[in-house]
Amino acid sequence: MTAVPMLELRGVDKSFGPVHVLSSVDFTARAGEVTALVGDNGAGKTTLVKCIGGIHPVDAGELIFQGTARSVRGPRDAALLGVEIVYQDLALADNLDIVENMFLGREVLTRLRTLDENSMEKLAEQALASLSVRTVRSVRQHVVSLSGGQRQTVAIAKSVLWKSKVVILDEPTAALGVAQTEQVLDLVRRLAGQGVAVILVSHNMNDVMKVADSIGVLFLGRMAAQVRRKDVTQTQVVELITAGRSGELGLSPAESSGAAV
Amino acid sequence: MDQTALLFLVLVAMVVVFTVINPIFFSSAVFANILQDWGPIVLMATAQTLVIVSGGIDLSVGAALGLSGVVSALAMRELTASGQSAWSAMLLGVLVAGAVGLAVGLVNGVLINRVKLVPFIATLCTMGAALGLSLVLTGGTPVAGGPAGSIQFSSKTYLGMFTVPIIVVTVIVVAAGLYLHKTRFGRWTYAIGSNQFAARGAGINVESHLYKIYALSGLLSGLAGMFVYLRLGSGSASSGVGQELSAIAAAVIGGTSLLGGVGRLAGTVIGAFIITGVLSGLIIIGVQANWQRVVIAALIAVAVGAQGLSNESLRAK
């Protein structure tokens, strides 16, 4: 906990017209850890993620990467800083195969400026192997033929391939069965094990309590609390989500009543 | 079985059937004629394949062919009247035809990217406008008076069936195939047609890519216009009417999916051979020429139907 966080948000504000979606949000994600981001529908999770990803530039506040404040004005800025978002609806192209998807937009070219399929295939296999993925038969399978868990695997492996520093997973297990959820959570841990700061956006308390090192709870656009997982019980987290406070933790009674929003 | 190989078998079967009914079909004269029909169709079908793979459609290819044929005919007539050589006139013709096609394609790009029209409507507009413009320019009469000897030049065959324009077309189509299947441009085209959201997420500039695709489609159609001019020795507004149907048919028969993201140029090339071969074959075995459109329509129905069935069996697996 002594090291400088990979990503730190300080006092982030974001409004859409008159709607104040985020107000002075602080949030920290450390390398090698899984940081869960939880909150009820409309609490601002997606907006916060899109602020980090540069899709919605922040109105006020700082985004600090490895100790340095950076301006993130668009997705390209975020990508240059090593931020990768794996969306819930999985931005994979069905008609392309696994290799083609993993390298989309960043294809390896030969000296003749043609696609270097062999190199890309090898690198893709290495990335999958580094995560101990054994569920994918061939990297030349079209994505359309993959199961939900396999798709999630491909999306996560893509971030390994690109040596991302911050990987944001948006509800990675929402559409998965029990066994596949297990596999994906394993993958999330291994991803963090590679020194990545993983941010896990989730509704599923079991998942969060199982893999997170730290939990940030959003309540009506405010960061109710960011706590170490081992310091809290699931009940406390649920209270934070639904009421914005739990005993000593969380927002003051006035704030949590929603008056400030 | 590989889809391209299957298509090739269909093509071979077609040749066999027509030859059995009328042995004249299997001759270099007929093949030369089919190739002359194939040239402009395969250029437009190549354009169409790029566009359809990207998830769009280009209805303006035939009208772009007509307009570029007319405008380059007018330009060549001027140059010839001023006493320039046939070669310089034909060179100018190629440049003008390409430029006019390119312009039509860029208008499509603007309508799709800026005005936010869906490709079907955008290219329907340019199709009407380009046809109308070529009628305005010519009053509906063919524009002749271009370089002398252009027909002789373009119809002189080598090995009994290959003309210079056909060789040029073949080189262009092979280059387009490499571009589509071996480069980043091609990969992005498939990605955009498959999932535009994913393509954007991967940092691809979808708008600028679509400009390139429609511009290329227009350029290829413009060159098809020059091909037709060389064959007929005149430019006519009506020369491209209905040709978009054949171009789309060739791409679709070749396995290109109208849903986007799927297609191989080799399939399109064979598809164009099947279309032009069937049309010539029907004439040779004595079917009235007016049946042609009906036959093309039926071929599209069969090809798309077969695709749908094979997709369903894939999903059922």
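**Exercise 1.** Work out which element gives the most to the lining of the second largest pocket.

*Solution.* Start with helix 2 of chain A: with five residues, this helix (a DSSP run of H or I, at least four residues) gives the most to that lining. This is a predicted model, in which local features need pLDDT of at least 70, side-chain atom pairs count only at pLDDT 80 or more, and totals for chains, interfaces and linings use all residues. Residues are numbered from 1 along each chain as its sequence is written, chains are lettered from A and ligands numbered from 1 in the order written, and side-chain values use heavy atoms, leaving out hydrogens and water.

Next, take the whole lining: 33 residues, with A:Ala79, B:Arg200, B:Gly201, B:Ala202 and B:Gly203 nearest the centre of the pocket. Lining residues have an atom within 4 Å of a point of the pocket, an open set on a 1 Å grid over the protein atoms alone where a 1.4 Å probe fits, with protein on both sides within 12 Å along at least five of seven lines.

**Exercise 2.** Describe how chain B meets chain A.

*Solution.* First, count contacts: 19 residues of chain B touch 21 of chain A (heavy atoms within 4.5 Å).

Then turn to area. About 1500 Å² is buried between the two chains, 57% of it from carbon and sulfur atoms (accessible area, 1.4 Å probe, lost on being put together, summed over both).

Finally, look for charge pairs: the interface holds three salt bridges (Lys or Arg side-chain nitrogen within 4 Å of an Asp or Glu carboxyl oxygen). One of them joins B:Arg187 to A:Glu117, with the closest N and O atoms 2.7 Å apart.

Definitions and conventions
Helices (H or I, at least four residues) and strands (E, at least two) are DSSP runs, numbered from the N terminus.
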